[in-house]
Amino acid sequence: IDKMIENDSQGLIIDIRSNYGGSGGIAKNFAEYFINEEIEIGNHGYYNDDLGEFEFFKKPTFLEPAPVYYDKPVVVLVSHDCISACEGFAYYMSLNGHTTIIGHYPTAGAFGEVGLGQYSLPGDIDVQFPTGRPITPEGDILIEGVGIIPDIIVPITVESALDEIDAVRDAAIDLLQ
């Protein structure tokens, strides 16, 4: 980020189209380089069997500005292969006011918290599924089942389907130019 600022970069393309997730904390921390003020991103809850409902954390989660701020236009490329923390990053970037999300499709829509959803079954079978519910500041379910819908949806053509061209990347370059 320092080098891009130092070299007066006029824009940035971040390609996360084939990213199956990872650390939600790293995704959040990276997105913080693109904001200059605190932004509420939502809350998180787990289902409480005793209460018969989801129980949410007492305080919402916020993006906090990083020590360096990149304020030029940013384009984030997404696909249906952008899952979990990748989708979180795309969501966080969509909040900063200078990012455009571009793709053929929305992201996967698989953002539910799986940290407490690890189960061992007979026959040495392990399964994982969401047990937590992320919500927006307005209380709507965040990303799960819907994904991040691109600001610009690039139509699929014969050439892009056959990988003869990268129409999503080309749309990002056109936008920044």
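Colleague: Is Pro134 buried or exposed?
Modeller: In this predicted model, Pro134 is found in strand S9, which covers residues 132-135. Buried means under 20% relative accessible area, and because the value for Pro134 is 4%, this residue counts as buried.

Colleague: Which residues does Pro134 touch, not counting residues up to four places away in sequence?
Modeller: Pro134 and Glu113 lie 21 residues apart in sequence, yet their C-alpha atoms are 7.3 Å apart in space. With residues up to four places away in sequence not counted, the residues that Pro134 touches are Asn43, His44, Phe111, Gly112, Asp140, Ile141 and Leu142.

Colleague: Why is helix H3 largely enclosed by the rest of the structure, and which elements do its buried residues pack against?
Modeller: Helix H3 spans residues 85-94, and it is largely enclosed because nine of its 10 residues are buried. Among these buried residues are Cys86, Phe89, Tyr92 and Met93. The elements that the buried residues of H3 pack against are strand S1 (12-15), helix H2 (24-31), strand S2 (39-48), strand S4 (61-63), strand S5 (74-78) and strand S6 (99-103).

Colleague: What accessible area do the residues of the nonpolar patch on the surface have together?
Modeller: Strand S7 (118-121) and strand S8 (125-128) each supply at least two residues of this patch. Val127 is found in strand S8, and at 30% relative accessibility this residue counts as partly exposed. Tyr119, Leu121, Ile125, Val127 and Phe129 form the patch, and their accessible area together is about 410 Å².

Definitions and conventions:
Residues are numbered from 1 along each chain as its sequence is written. This is a predicted model: local features need pLDDT of at least 70, side-chain atom pairs count only at pLDDT 80 or more; totals for chains, interfaces and linings use all residues. Side-chain values use heavy atoms; hydrogens and water are left out. Patches are made of residues with over 30% relative accessible area and no salt bridge: like charges are joined within 9 Å, nonpolar side chains (Val, Leu, Ile, Met, Phe, Trp, Tyr) within 5 Å. Accessible areas come from the Shrake-Rupley method with a 1.4 Å probe; for residues, only the protein chains shown count as cover. A salt bridge is a side-chain nitrogen of Lys or Arg within 4 Å of a carboxyl oxygen of Asp or Glu. Helices (H or I, at least four residues) and strands (E, at least two) are DSSP runs, numbered from the N terminus. Buried means under 20% relative accessible area, exposed over 50%, partly exposed in between (1.4 Å probe, protein chains only). Contact means heavy atoms within 4.5 Å.
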